[in-house]
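Hello,

Here is the structure we spoke about, with my notes below it. Please read the notes with the model open.

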Amino acid sequence: GTIVAGGCIDGTIQFWNTLDREQDFMLDKSNGPIVALQFSPDEKYLAYSDTTGMFYLWDVRKKKYIVEGKKYPSPLTSLFFSPDSLNVIAVGNSAVYSIACDQKSKEVTIRGHLSTIHMGLYSPDGDKIVTVSKDGTMKWWHSMDTRLLATSYVFPTSYLIYSPEGYYYAPDNNNEWIIWYYDGLFLKDGLLKIEINRSLSALIF
């Protein structure tokens with residue numbers, strides 16, 4: 001893309017054009033420091049949230065708000081769009097919210113973890129939502145009706161990422177990372193466990 005967005009501690013969103021490296025414009029509607037922001041895959045939307053629990057959805061092309069500040073019970077620390085850019089999931093302390101970008105469908109709340117939810121994301125095909133929690137579980141949900149598909153009792157983890165093939169990688173606190181895969185019929189866990197000599201905080205493909 002040609003646009004870079006940065007969320008700032010002063011609550012603003014700064015936009016830069018990568019072609020001329022100049023600042024394009026700024027959003028300043030937030031009530032507090034920005035804690036999460038995410039572009040949609042088609043680059044049409046930007047979702048962001050602040051420390052006060054406010055959520056915003058910005059139409060990048062039309063340069064207008066679709067959601068101009070909606071209050072949630074806790075800060076939304078993780079945002080992730082569906083592969084088709086039609087929905088975005090927002091992760092709060094005890095619930096995950098599935099939000100339609102066009103605001104034509106009712107928002108859905110997903111609950112089931114017993115402790116703080118750290119992260120949620122869509123599978124590459126968009127059929128599943130995966131969440132990880134401080135309670136030591138990883139849960140797979142159907143993205144359409146949000147029914148629970150599977151639960152894996154693993155370890156408290158705060159980070160999760162998928163490969164293009166659909167494998168989920170989760171580092172734990174014991175200097176290891178593990179590959180998990182749900183193929184729609186059953187959970188294949190612990191397919192691979194690799195021990196490294198220092199703590200993992202992030203992975204990327």
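In the hairpin of strand 8 and strand 9, S85 takes a positive phi near 65°. This hairpin has 5 residues between the strands. Please bear in mind that the model is predicted.

Strand 8 covers residues 78-81, and strand 9 covers residues 87-91. The two run antiparallel and are joined by 4 bridges. Across the pair, F80 stands opposite I89 in strand 9. In a regular strand, side chains alternate between the two faces of the sheet. Both faces of strand 8 are covered: S78 and F80 are buried on one side, and L79 and F81 are buried on the other.

Strand 10 spans residues 96-100 and contains S98. Is S98 buried or exposed? Its relative accessible area is 9%, under the 20% cut-off, so S98 counts as buried. Leaving aside neighbours within four places in sequence, S98 is in contact with N87, V88 and I89, and also with E107, V108 and Y122.

The largest pocket has a volume of about 350 Å³. It is lined by 19 residues, of which N87, S98, Y122, S143 and M144 are the closest to its centre. Strand 10 supplies the largest share of the lining, 3 residues. By class, the lining of this pocket has 7 nonpolar, 7 polar and 5 charged residues.

Regards

Notes
Residues numbered from 1 in each chain as written. Predicted model: local features only at pLDDT ≥ 70, side-chain atom pairs only at ≥ 80, totals over all residues. Heavy atoms only, no water. Buried < 20%, exposed > 50% of the residue type's maximum accessible area, 1.4 Å probe, protein only. Contact = heavy atoms within 4.5 Å. 1 Å grid on protein atoms, 1.4 Å probe; cavity = no way out; pocket = protein on both sides within 12 Å on 5 of 7 lines; lining within 4 Å. Points joined across faces, edges and corners; volume = space filled by probe spheres on them. Nonpolar A, V, L, I, M, F, W, Y, C, P; charged D, E, K, R; others polar. Pairing = 2+ DSSP bridges.
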